Amino acid sequence: MKRFLKILGIVIAVLIVIVIALPFFIDANVFRPKLESELTDALGRQVKVGNLSLSIFSGSVGADNISIADDPKFSNTPFVQAKSLRVGVEMIPLIFSKTLIVTNLTLNEPQISLVKSPNGQTWNFSSLGNKNAGASAGAPAPETASNATAEKKASGSAGGPKSAPASKPEPSNSSSTESSPSSSASSNPNLSVKKLNVNDGRLTVSRADSTEQQRVYDKVNIQVTNFSFTTAFPFDMTANLPSGGTMKLTGGAGPIDPTDAARTPFHAKVSVQKMNLATSGFIDPAAGIGGIADLDGNLVSDGHEAKATGTLTVNGLKVAQKGSPAGRPVDVKFSVVDNLAKQTGDITQCDVSMGKAVAHLTGNFDTHGKVTVVNLKFNGPSMPVDDLEAMLPALGVTLPPKAELKGGTLSVTADSAGPVDKLVTTGNVKLQNTQLANFNLGDKLGAAVSALSGKNTGNDTTIQNFSSDVKVAPQGTQASNINLTVPAIGVLSGDGTVSPSNQLAFKMKAQVAGMGIPFGVTGTTTDPKFTPDVKGIASGLLQGALSNASGGNQGQQQNPINSVMGLFKKKPQK
């Protein structure tokens with residue numbers, strides 16, 4: 001027994017020595033041409049790897065760095081650059097027959113650049129895996145052939161780039177490779193890997209020939225199992241979003257579209273935390289929409305049409321270029337369908353909720369050009385004002401200092417059309433039974449209002465009804481058919497404009513005590529100035545006086561001049 005244990009110990013020691021010594025006898029760099037040609041053939045892009053090292057214990061070959069060429073139609077800089085590449089291999093074939101069989105690939109700290117074409121129809125990764133694109137991708141055939149010849153002499157293997165052991169033995173390593181590939185995938189490389197990982201990557205997304213700022217995603221980690229070009233495979237992805245926030249996707253993708261990798265079918269559950277809407281890339285920056293959002297949703301694409309559904313909670317929402325953050329969270333339940341080929345889509349559901357106030361948005365969009373074009377319909381029926389008051393700053397609506405709306409309902413219908421940076425919105429606004437607290441409209445109009453109406457307006461303005469047709473454009477806001485009923489004063493009507501800098505220019509008329517009193521409104525939305533239309537007042541008084549004279553009852557009528565001239569805090573001339 002002792003002798004047996006002694007022999008066993010010697011055998012184990014010899015094996016340990018062999019394992020330790022093998023890396024010194026096997027130069028992993030002899031496999032570099034093979035590895036480069038296999039990856040170049042599989043990706044349709046020239047692939048270069050650095051110095052290779054063999055690790056017996058981990059069963060892998062490492063490379064100091066790796067680069068994958070970009071589509072030359074986009075740039076001559078690498079599509080991917082990685083600090084290191086770890087290639088998991090089967091050790092027995094490698095040791096005894098010097099056959100390279102890849103089981104897993106790990107890219108460490110890669111720099112990946114995704115670029116969309118100027119017309120938005122293709123990406124720089126669209127030709128990945130397309131063998132017909134190999135020549136245009138910059139993979140020189142003569143060099144590949146010489147590499148294969150050098151590899152044959154060094155290893156004694158009979159395989160060339162098209163019959164490489166890295167691909168042919170792989171069906172035994174991945175069940176997905178053994179499934180029957182469809183005819184549409186017949187041009188895809190017959191390459192499969194049990195595990196494909198990207199660790200601590202950096203992803204930049206941009207559009208060619210565009211002034212848009214690049215979007216940078218840090219700490220990108222991707223795990224793919226049973227990867228194959230010809231079958232579906234599961235994946236997990238996490239990343240830090242531009243300007244903060246995190247994203248997690250869990251789902252599946254594949255088979256890889258052989259003509260356009262960007263059209264590959266996929267499905268994923270999406271979870272996003274603290275996403276900056278203005279810099280996320282999901283919303284055109286020109287729209288002026290901002291805020292910090294959490295999202296839970298699902299993405300499904302058949303390669304031709306993509307559908308996104310889910311819920312979005314936004315803090316500090318801003319929906320106008322010159323708006324400021326809303327004072328309370330906004331919830332959005334959405335469903336969007338995007339035609340990837342036509343670059344058009346439909347918003348089939350967008351329910352926006354703030355407390356009990358709910359509005360509905362539907363429409364379509366077109367992303368062909370550099371700026372997204374939309375055609376939208378908005379409907380917000382009988383929304384409680386108390387829930388909406390905190391939303392006004394987000395819409396670019398500013399009230400006078402300390403003033404606030406309380407109670408009542410607001411109804412809005414609107415159509416928006418055009419490029420999002422030059423959007424034109426037309427619609428109708430109706431406000432009922434509300435109060436503009438801390439704003440005395442009667443005091444603004446003048447002390448004589450109480451004398452004319454017989455009522456004291458007080459420190460707050462009660463609004464029984466307000467309605468107006470509205471047009472909002474880059475040039476400013478136009479309000480027409482204004483009808484404002486303030487019980488303490490009367491009925492005010494007219495029209496006017498609000499400039500992009502919130503300057504007011506309104507011509508109004510107040511029906512007070514049976515008389516029409518014209519006046520103008522200037523100043524700003526935070527400090528409006530009410531000025532009498534002297535010419536209009538004089539004309540009205542003259543007509544009234546003539547009417548009274550012709551009626552022969554002027555002695556019975558109270559002379560309105562004193563009250564009218566007292567309006568707007570002006571005294572009658574003596």
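# Briefing: a buried leucine, paired strands and charged contacts

L441 is buried, with a relative accessible area of 8%. Do keep in mind that this is a predicted model.

**Around L441**
- L441 belongs to helix 7, which covers residues 441-445.
- Leaving aside residues up to four places away in sequence, L441 touches T461, L484, V486, I489, L492 and F530.
- One of these contacts, V486, is 45 residues from L441 in sequence, yet the two C-alpha atoms are 9.0 Å apart in space.
- L441 counts as buried because its 8% relative accessible area falls under the 20% cut-off.

**Strands 8, 9 and 10**
- Strand 9 (residues 192-207) pairs with strand 8 (residues 111-116) in the parallel sense, over six bridges.
- Within that pairing, I112 stands opposite L203 of strand 9.
- Strand 9 also pairs with strand 10 (residues 215-228), here in the antiparallel sense and over ten bridges.
- On this side, T204 stands opposite V216 of strand 10.

**Salt bridges**
- E109 forms a salt bridge with K83, with 3.9 Å between the closest N and O atoms.
- Here too, distant parts of the chain are linked: E109 lies in the loop between strand 7 (102-108) and strand 8, and K83 in the loop between strand 5 (78-82) and strand 6 (84-89), 26 residues apart.
- E109 is partly exposed at 37% relative accessibility, whereas K83 is exposed at 52%.
- D260 and R263 meet through their side chains in a salt bridge, at 3.9 Å from N to O.
- D260 counts as buried, at 10% relative accessibility.

**Aromatic rings**
- The count comes to four aromatic pairs.
- One of them joins W123 and F125 in a tilted arrangement, 5.7 Å centre to centre and with 35° between the planes.
- W123 counts as partly exposed, at 22% relative accessibility.
- F227, F229 and F233 form one aromatic cluster.
- A charged residue also meets a ring: R45 lies over the face of F79, at 5.5 Å from the ring centre.

Methods
Residues numbered from 1 in each chain as written. Predicted model: local features only at pLDDT ≥ 70, side-chain atom pairs only at ≥ 80, totals over all residues. Heavy atoms only, no water. Phe/Tyr/Trp six-rings, centres within 6.5 Å; stacked < 30°, edge-to-face > 60°. Buried < 20%, exposed > 50% of the residue type's maximum accessible area, 1.4 Å probe, protein only. Lys NZ or Arg CZ within 6 Å of the ring centre and 35° of its normal. Helix = DSSP H or I, 4+ residues; strand = E, 2+ residues; numbered from the N terminus. Contact = heavy atoms within 4.5 Å. Pairing = 2+ DSSP bridges. Salt bridge = Lys/Arg side-chain N within 4 Å of Asp/Glu carboxyl O.
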